[in-house]
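Thanks for coming, everyone. I'll go through it piece by piece.

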Amino acid sequence: MATTQECRGALDRLSDNLTRSEHDGVRGVAGFDRSLSCHVTDLDTTFTGRLTDGRITVDDTTPGPPRERAQIRLAMTGDDLVAMVDGDLNFAKAWASGRVRLEAGFRDLLHLRKLL
């Protein structure tokens, strides 16, 4: 089972990967600024922060489910988070199978599609 530190590191790597991406989708989200929460279900820990211009900034780590409703909400196990960031788990397949939960408004989902 992934640790809290490994999950935090995975979120940092995901942010770095999004920032370095040459994909047009990242450039297409300029001005995109949303609150973000990632609940790691097996650790019962939530990382909260912002997704701004394709970069994730984690501001806080708290025990339990998210205390406030973020505009973009993710939930998954720590192992799935690490595997997804390492490229061993496809986000779309994990989302379709229910291993990863993503909740966001329709317009936000369209922006996220460009990133993920």
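**One valine, then the sheet**

Start with Val 100. Its place is in the loop between α4 (91-97) and β5. Helices here are DSSP runs of H or I with at least four residues, strands are runs of E with at least two, and both are numbered from the N terminus.

A word on the source. This is a predicted model, where local features need pLDDT of at least 70 and side-chain atom pairs count only at pLDDT 80 or more, while totals for chains, interfaces and linings use all residues. Residues are numbered from 1 along each chain as its sequence is written, and side-chain values use heavy atoms, with hydrogens and water left out.

Back to Val 100. Is it buried or exposed? Val 100 counts as buried, because its relative accessibility is 1%. The cut-offs: buried is under 20% relative accessible area, exposed is over 50%, and partly exposed lies in between, with a 1.4 Å probe and protein chains only.

What does Val 100 touch? Leaving out residues up to four places away in sequence, its contacts are Leu 74, Ala 75, Met 76, Phe 91, Ala 94 and Trp 95. Contact means heavy atoms within 4.5 Å. Leu 81 is 19 residues from Val 100 along the chain, and their C-alpha atoms are separated by 8.5 Å.

Next, β5. Leu 102 and Ala 104 point to one face and are buried. β5 runs antiparallel to β4, joined by 4 bridges. Strands pair if DSSP finds at least two bridges between them. Leu 102 is the bridge partner of Leu 74.

Now the whole sheet. It is open, with 5 strands in the order β3-β2-β1-β4-β5 and mixed pairing. β3 (55-63) and β5 (101-104) are the edge strands, each pairing on one side only. Further in, β1 (residues 33-40) and β4 (residues 72-76) pair in the parallel sense over 5 bridges. There, His 39 stands opposite Ala 75 in β4.

Last, α1. Which of its residues are buried? Cys 7, Ala 10, Leu 11, Leu 14, Ser 15 and Leu 18 are. They sit on the same side of α1, because they cover an arc of only 140 degrees around the axis. That arc is taken from the directions from the helix axis to the C-beta atoms. Gln 5 and Arg 20, on the other side of α1, are exposed.
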